[in-house]
Amino acid sequence: MAGTAVELEEGSPFLAEAYIDLDEGWGIAIEPTTGNLLITEKGGTAKYFNPATGTTLEVNGLPEVAYGGQGGLGDVAFAPDYAESGTVYLSWAKADEGEARRAVAGKGTFACDEAACTISGLTEIWQQDPAIESFGHFSHKIAFSPDGQHLFITSGDRMQQDPAQDLSNNLGKVLRLNLDGTPAAGNPFEAEGGVTSQIWSYGQRNLLGIDFDAGGQLWTIEHGPAGGDELNMVEPGNNYGWPVRSNGDNYDGRDIPDHTEDDGFVKPAIFWNPVIAPGDMVFYSGEMFPDWEGQLLVANLGTMTIARIATDAATGTATEEARYAFPQRLRDIAVAADGSLWVVEDTPDGRLLRLTAASAE
């Protein structure tokens, strides 16, 4: 089924078509068994879209979310064994006592009939600790290890800064868990127990992109303060410096020392100042854009672009190769089996876009 043409800048490598309307679209996952799309909307709703027929189904069984600020329904991911188990993972912001909120993740069983889809038995398996009176920096992006044995979750600093350096909480961290949400064996601080045993890396701010490259190396991308968005190659036990070091400054103008070679922290692979305000990212693999094989595509909010980045795991560095403009803020991006791209706009009048190669016609 063809969508509605979307005008892009002259010389764009993409042909863009809009398929369905979205109200603050947030996460997108491609169902492994069908190629259909499950898309979350921040206000607490989700849509299941069949590109072949154009059919859109509502999704029941979703959690109650704490909507507001950056909070609401978040990421979605099909389990590595989805074809057998039917398991889907979700993340969302949840209300706590008073005005406190925390990110949580859960899993349930996903199934559809002709009328609707349902997530049954949705059970919380992980939460941010502690809950914070803040409407921001939940992060709660989800990824699975290439072997399908571990669940990785990004946990933002909740706009509190200092917890990112404190190993007694799980804020401002990347977490490595078993598929049931328990801490995974072999984590760098496993012996400490409690939430500390969840931690894979720390000293991070608001991580809205996470993916593994073709060689199995984990990367994340995060929002800096006033400047200093950064892409990091993530390895166990690494400290990435926030809020002690950043290539940006506080919003009130107070300086944050830049990274230096001798500061004791792991340096970003690349950073941006002015910022790009990343939404999410994916390593590309497909036949439609063969020259981009293995490169990172980042959907950006602030610049309303897709950035294409070449990464080098041998040196922990990266280079931005190109940036492509779009008419609205971009929140999430996924690669389809044919190598085309699905992109989610995150505005109240947003859309689901399919991107194909402009050279194909």
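The backbone nitrogen of Phe283 lies 2.8 Å from a polar side-chain atom of Asp211. This distance, like the other values in this report, comes from a predicted model.

Asp211 belongs to strand β15, which spans residues 206-212. The residue is buried yet takes part in no salt bridge. Lys141 carries the nearest side chain of opposite charge, and that side chain is 10 Å away.

**Aromatic pairs**

The count of aromatic pairs comes to 19. Two of these pairs are set out below.

| Pair | Distance of centres | Angle of planes | Arrangement |
|---|---|---|---|
| Phe14 and Phe326 | 5.9 Å | 45° | tilted |
| Tyr89 and Phe144 | 5.2 Å | 70° | edge-to-face |

The pair of Phe14 and Phe326 links distant parts of the chain, 312 residues apart. Phe14 lies in strand β2 (residues 14-22), whereas Phe326 is in the loop between β22 (317-325) and β23 (330-335). Both Phe14 and Phe326 are buried. These two residues are also members of a cluster linked by ring pairs, together with Tyr284, Phe289, Trp292 and Tyr324.

In the second pair, Tyr89 comes from strand β8 (residues 87-95) and Phe144 from strand β11 (residues 139-144), so the pair ties together parts that are 55 residues apart in sequence. Tyr89 is buried, with a relative accessible area of 2%. Phe144 is likewise buried, its relative accessible area being 16%; this value counts as buried because the cut-off is under 20%.

**The disulfide**

The structure contains one disulfide, which joins Cys112 to Cys117 with an S to S distance of 2.0 Å. The torsion about the S-S bond of Cys112 and Cys117 is about 100°, and the disulfide is therefore right-handed. The two cysteines are described by separate accessibility values: Cys112 is partly exposed, with a relative accessible area of 35%, whereas Cys117 is buried, with a relative accessible area of 0%.

How values were computed:
Residues are numbered from 1 along each chain as its sequence is written. This is a predicted model: local features need pLDDT of at least 70, side-chain atom pairs count only at pLDDT 80 or more; totals for chains, interfaces and linings use all residues. Side-chain values use heavy atoms; hydrogens and water are left out. A disulfide is a pair of cysteine sulfur atoms within 2.5 Å. Buried means under 20% relative accessible area, exposed over 50%, partly exposed in between (1.4 Å probe, protein chains only). Rings of Phe, Tyr and Trp (its six-membered ring) pair if their centres lie within 6.5 Å; planes under 30 degrees apart count as stacked, over 60 as edge-to-face and the rest as tilted. Helices (H or I, at least four residues) and strands (E, at least two) are DSSP runs, numbered from the N terminus. Lys and Arg count as positive and Asp and Glu as negative; His and the chain ends are not counted. A salt bridge is a side-chain nitrogen of Lys or Arg within 4 Å of a carboxyl oxygen of Asp or Glu. A polar contact is a pair of N or O atoms within 3.5 Å; within protein, one must be able to donate a hydrogen and the other to accept it, and residues adjacent in sequence count only if both atoms are side-chain atoms.
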